[in-house]
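Dear colleague,

Please find below the sequence and structure that I am handing over to you. I would be grateful if you could read the notes that follow with the structure open beside them.

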Amino acid sequence: MEISNCTRLLRRLLCGGKQAPWRTLCRRRGDCAAAALLYRKHGDPARVLRCESVQLPRLQERSVLVKMLAAPINPADINMVQGVYAILPDLPAVGGNEGVAQVLEVGSQVSSLKAGDRVIPRDAGLGTWRTAAVFGEDSLLPVPKDIPLLAAATLGVNPCTAARMLSDFEDLKAGDSVIQNAANSGVGQAVIQIAAARGIRTINVVRDRPDFEQLSARLRTIGASHVVKEETLRSPQMKDLFKTCPRPRLALNAVGGKSATELLRHLQNGGTLVTYGGMAKQPVTVPVSALIFKDLKVRGFWVTQWKRDHAQNEGSVNEMLAQLCALIREGKLSAPACTEVPLQDFREALERSMQPYTSTKQILVM
Ligand SMILES: NC(=O)c1ccc[n+]([C@@H]2O[C@H](COP(=O)([O-])OP(=O)(O)OC[C@H]3O[C@@H](n4cnc5c(N)ncnc54)[C@H](OP(=O)(O)O)[C@@H]3O)[C@@H](O)[C@H]2O)c1
């Protein structure tokens, strides 16, 4: 389907204005359609994703009809469409793993959700880049309605990743410090804010850029203790920094290559490097001395696996989300810097999301 048709479809399907409400539309037609960003083969996202009309299945006893409200474009979404991610849905598939939706209608046996609730995906692979969907009740988690829309749309992956990494590897106390690269990423901004709320200092490494001072100021505004360029990690300036800040016990690596090795160099003896991303597409090299003389631990983290491991323990997932929502309400955790893009402009959003130095998350709004 071409964009113009897609736009017409979106106008026809979206609730509001003078259009028939969604429920009326579904009932009158006996079935429902939605606009979705679908891919039938792996490749360059801007080429292989198309806005198509997809038929929605009829509501079953335990399923839920939702209207998607907003969904981010994350690096993992891109990798999934490219076919280079650890989990790949069967094709054709709808892109997007994260987002927030509003429940429009629930099946007769649904007990945990009701019309009007806001929900986010429980697991990866749901396909969130669409105007509406029928999902199983179990595939959704409710989120409070008083959480800002963009915070809800970006809650389920990056802040959860940040929160787990700050809790599950080292017993960090107020006054301790953490070092991280890609500090301006969605995860990085969540790390800064969650750490600051706990009194943990952050040393934030970003790539140099013409607007470094502006970026540095923005990261400090949300709680960054120190913001340094990649090059600075190899300079004597770091000695000065450690005169007033303890050496970190935890290093968070989303980049790999030299950047990860430099993080290791600044860790305390016995500290931990957690790798959760590989934006530079280069392996992590660990100097032998880091293992022998500093006894550093080298670990990995994948929030999808954490959620799957804790799927039977509903309490731990809900508790984490409740803690994050409390921070959001207290003004201590906000969505990363975002650019909202109408769904039909998805190609530009995809291209922008793959550009370096943008420092803003593309959010598709439906
Ligand atoms: N393991 C997990 O559970 C988990 C969960 C969430 C995210 N992740 C991963 O975490 C990473 C960040 O995700 P996000 O959503 O927070 O990202 P994001 O908001 O889209 O930001 C991307 C970040 O990557 C940096 N970057 C891009 N290419 C780079 C390169 N070649 N070398 C160094 N830095 C580069 C960008 O820096 P510039 O501004 O300098 O371009 C930016 O800081 C991704 O790899 C993602 O897959 C993993």
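This is a predicted model: local features need pLDDT of at least 70, side-chain atom pairs count only at pLDDT 80 or more; totals for chains, interfaces and linings use all residues.

Domains. The domain assignment divides the chain into domain 1 (3-154 + 336-365) and domain 2 (158-304). Their C-alpha centres are 32 Å apart. Where the two meet, 8 residues of domain 1 are in contact with 10 residues of domain 2. The side of domain 1 that touches domain 2 comprises 4 nonpolar, 2 polar and 2 charged residues.

Ligand. The ligand lies between domain 1 and domain 2, because both give residues to the shell around it. This shell holds 27 residues, of which Ser185, Gly186, Gly277, Met279 and Val303 are the closest to the ligand. By class, the shell has 17 nonpolar, 8 polar and 2 charged residues. Among the helices, α4 (75-82), α6 (158-168) and α7 (186-197) each contribute at least two residues to the shell.

Sheet. Three strands form an open sheet in the order β2-β1-β4, and their pairing is antiparallel. Strands β2 (49-56) and β4 (93-94) are at the edges with a single partner strand each, so one side of each has no neighbour in the sheet. Between β1 (residues 32-39) and β4, the antiparallel pairing rests on 2 bridges. Tyrosine 39 has alanine 93 in β4 as its bridge partner.

With kind regards

Notes
Residues are numbered from 1 along each chain as its sequence is written. A residue is near a molecule or strand if its C-beta atom, placed from the backbone, lies within 6 Å of it. Helices (H or I, at least four residues) and strands (E, at least two) are DSSP runs, numbered from the N terminus. Ala, Val, Leu, Ile, Met, Phe, Trp, Tyr, Cys and Pro count as nonpolar, Asp, Glu, Lys and Arg as charged, and the others, Gly among them, as polar. Domain bounds come from an automatic or database domain assignment. Two residues are in contact if their C-beta atoms, placed from the backbone, lie within 7 Å. Two strands pair if DSSP finds at least two bridges between them.
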